[in-house]
Amino acid sequence: MAKKLPSTDVVVVGLGWAGSIIANELADEGLKIIGFERGPWRDTAADFNVASAADELRYNRRQDLMLRTRQNTTTIRNSVTETALPMRSWGSFHPGNGTGGAGNHWAGITFRFQPHEFRLHSYLTERYGKELSPELTLQDWGTDWEEMEPFYTKFDRLAGVSGKAGNIKGVIQEGGNTFEGARSEEYPNPPTEQTYAPVLFAEAAKNLGYKPFPVPSALVSRPYVNSLGVAMGPCTYCGFCTNYGCANYSKASAITTVLPVLIRKPNFTAMTNCEVLRVTMDSSGKRATGIVYMDSNGEEWEQPADLVVISAFIFENVRLMLLSGVGQPYDPVTNTGTTGRNYAYQTANSVRMFFDDKNFNPFIGGGAIGMGIDEFNNDNFDHSGLGFVGGGSTRVTPIGAAPIDSRPLPPGAPAWGSEWKKATVKNYASTMSIGCEASSYATRTNYLSLDPTYKDPHGRPLLRITFDFPENDRKMAAYVTGKVGEIAKSMNPRQMVPSAQTGHWNSSPYQSSHIVGGFIMGADPKNSSVNKYLQVWGVPNLFVVGSSAFPQNPGYNPTGTVAALAFKAADAIRTRYLKRPGEMISV
Amino acid sequence: MTEKSKGLTRRQLLKSSATTLAVGAAATAKAATVVGVPAWVPFDHNGPMHYDTPGWQFFTAAEASAVEAIVARLIPADDLSVSGKDAGCAVFIDRQLAGEYGTFSRLYMQGPFEKGTPMQGDQSELVPRQRYRLGLAGLEGYCQKQYQKSFSALAPEEQDKVLTGLDKGEIALDGIDAKLFFQQVLGNTMEGFFADPVYGGNRDMVSWKMIGFPGARYDYREYIGLHNQKLNLVPLSISGSSAWTKKG
């Protein structure tokens with residue numbers, strides 16, 4: 001039996017980007033806030049010390065910053081006819097752990113979703129009508145670009161995003177991404193410098209008539225003091241970036257931008273290594289009364305609160321709702337229920353190029369250093385007659401080339417022996433890759449639920465993922481990879497190797513941690529879980545914030561939108577909910 | 001963490017590693033209430049690493065010579081580098097197996113274990129220590145039967161033939177799937193060859209020098225603008241560079 005603690009104003013579950021942003025905003029209202037984090041407190045100087053941060057074995061191979069699967073993992077299957085099995089080590093995606101969450105080891109690519117994205121179903125129906133595949137369960141977000149833009153701007157200023165605007169207040173800007181929605185201001189910092197590979201790609205793309213732009217980067221390009229007064233250092237292009245913590249205070253994460261301010265506020269307390277087990281509800285089921293958590297001694301505690309914010313990684317957001325009985329679990333057979341529906345991912349494609357006469361110095365770079373084009377993304381091209389919708393962000397981002405994992409070899413090269421070694425030496429510095437991070441659209445059969453067999457160490461069911469790439473997305477992948485191949489070909493490599501996601505979802509190779517849906521936002525409680533303020537339908541003092549709210553995923557990295565949604569939810573609580581607690585939207 | 005009991009059955013192995021897991025779990029992080037600025041202790045989370053003690057921590061002498069022979073064929077000595085053995089790959093693997101990696105103590109290892117589809121990843125119930133112990137015993141059995149010799153006593157061409165057979169799944173081993181064993185050893189060998197030398201492999205940063213990887217450097221601002229040219233940067237390890245410790 002959990003021991004009951006004195007009540008507090010707000011509990012925030014998860015201290016990654018979303019939770020830290022919301023907790024900090026609400027702390028400014030004078031509310032007493034307790035933040036819960038299942039992992040440890042993380043700090044740049046202690047955890048990502050420059051003397052030992054550049055360690056590929058520890059961080060990339062042994063996944064030191066990621067959630068231990070022993071503590072919690074998911075089970076996986078491609079279809080309802082299969083038996084889901086546990087993901088025993090992280091492959092396809094990398095959930096984080098500790099304060100900062102996955103925002104410590106992310107790449108830092110900070111796109112804004114385009115205006116049409118927030119009303120995707122309506123928009124695509126208007127444009128393509130009956131051509132739209134019935135396979136897809138696309139939905140509108142219940143919000144729009146005008147409502148989102150101020151919060152994207154808030155995040156840009158918090159993270160010091162470095163880039164070049166393509167559209168300021170409707171005026172197209174040379175050198176930026178002209179496909180982006182009208183932004184209210186330029187990026188806070190200029191673009192980062194570039195290595196050889198992205199520059200070569202940008203030249204080739206330009207020659208073919210495309211408009212290359214610097215990838216928007218939360219690795220700051222110059223010394224920067226953010227909107228909360230926290231100082232960040234310039235990116236040094238060390239190449240130990242994605243899957244690593246940043247030793248230079250250059251990569252924006254909650255620990256480098258928010259938590260240094262938040263933890264100094266007397267009305268905020270962080271409880272680390274404390275795992276939240278469930279949300280407690282009153283007998284009516286219409287009010288959250290707090291949470292129950294377990295400390296590392298295995299003792300259970302009940303923490304009552306007036307307001308409960310769930311802001312863990314997508315998987316835990318959805319699992320906590322299923323475990324707490326919030327909303328009706330989604331059933332793909334009857335197509336009823338909302339908790340777990342519209343689970344989607346990201347469709348990763350690439351074209352690798354092997355050269356004889358180039359030296360890319362691939363060890364120089366960072367997760368968000370690079371150049372991109374958007375001509376083949378989302379609905380930036382006419383899909384009439386193509387048989388699919390969606391597209392991808394095409395770009396060259398040299399993330400670093402630590403050599404346990406980064407040893408590109410042409411297909412057919414041996415994996416060991418003298419010939420392997422020759423091929424490794426020959427190709428290490430002269431290979432580059434163009435990626436195409438493409439959309440992932442929801443279907444009726446891709447969803448999240450509780451696993452019937454496998455349990456976590458507390459005896460709670462693991463979350464079960466049922467997912468495969470829809471036919472729509474496979475066609476899209478083949479098409480965009482073909483387009484990327486045309487650019488690659490114009491660069492005259494010795495050999496090029498396209499890799500389009502046209503098969504089943506394979507849980508082993510890393511693709512991206514851009515996982516979305518399962519507790520989606522929308523305008524109708526019949527097909528969504530939260531309203532546009534991230535407030536749970538029917539449980540007005542419960543907010544669930546994260547990529548779990550995305551009804552589907554465009555061809556962009558999700559973090560900027562997760563953070564914007566966090567600011568949006570916090571703003572709604574501050575300006576509306578606290579004045580008149582209750583449902584902010586009634587239907 | 002020495003575990004030299006060569007004669008263990010698979011059942012005993014499973015039992016003993018389960019015990020290790022339970023102990024490991026009890027020793028994990030402590031819950032903490034953080035208010036104000038947390039105290040910072042230098043290297044609190046990054047204790048200096050020591051992998052230079054002599055001898056084998058996990059392997060028996062016979063196992064060690066088999067592993068040394070394997071890594072010397074996976075990464076043979078030639079004009080480009082010394083062998084995997086001389087680069088320290090066997091020492092690296094030994095130390096990894098002796099540590100927490102050897103028991104997969106961070107991973108979800110609850111049953112039921114099923115083979116699953118090719119899309120569901122590694123579903124083996126065997127942890128690395130078991131994979132090596134069973135795989136090396138199986139390899140010894142195979143080589144004795146086929147050649148009346150241990151693997152390490154075979155001629156290099158014969159060793160390559162056996163390794164190719166394991167790689168392609170053409171050779172079956174008693175006690176473990178041959179491909180699983182081969183992939184485990186190959187993966188760990190490459191880790192040892194290319195990881196920072198602090199872990200016992202990649203001696204003298206041999207692999208980094210070979211491919212031109214400058215190692216644990218963290219500032220390329222001076223170099224990022226130098227496109228398409230060889231930079232000839234001397235590699236650095238987490239523990240520094242021989243240039244730093246030279247006297248005189």
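Let's start with a cysteine: A:Cys246 counts as buried, at 16% relative accessibility. Buried here means under 20% relative accessible area, with a 1.4 Å probe and protein chains only. A:Cys436 is buried too, at 2%.

A word on the source. This is a predicted model, where local features need pLDDT of at least 70, side-chain atom pairs count only at pLDDT 80 or more, and totals for chains, interfaces and linings use all residues. Residues are numbered from 1 along each chain as written, chains are lettered from A, and side-chain values use heavy atoms, without hydrogens or water.

Now the interface. 84 residues of chain A contact 85 of chain B, contact being heavy atoms within 4.5 Å. The two chains bury about 7,000 Å² between them, 59% of it on carbon and sulfur. That is accessible area lost on being put together, 1.4 Å probe, summed over both.

Four salt bridges cross the interface: a Lys or Arg side-chain nitrogen within 4 Å of an Asp or Glu carboxyl oxygen. One joins A:Lys421 to B:Asp78, closest N and O 3.0 Å apart. Helix α10(A) gives the largest share of chain A's side, six residues. Helices are DSSP runs (H or I, at least four residues).

Stay on α10, residues 418-427. Its buried residues are A:Trp420, A:Lys421, A:Ala423, A:Thr424 and A:Asn427.

Definitions and conventions:
Buried < 20%, exposed > 50% of the residue type's maximum accessible area, 1.4 Å probe, protein only. Helix = DSSP H or I, 4+ residues; strand = E, 2+ residues; numbered from the N terminus.
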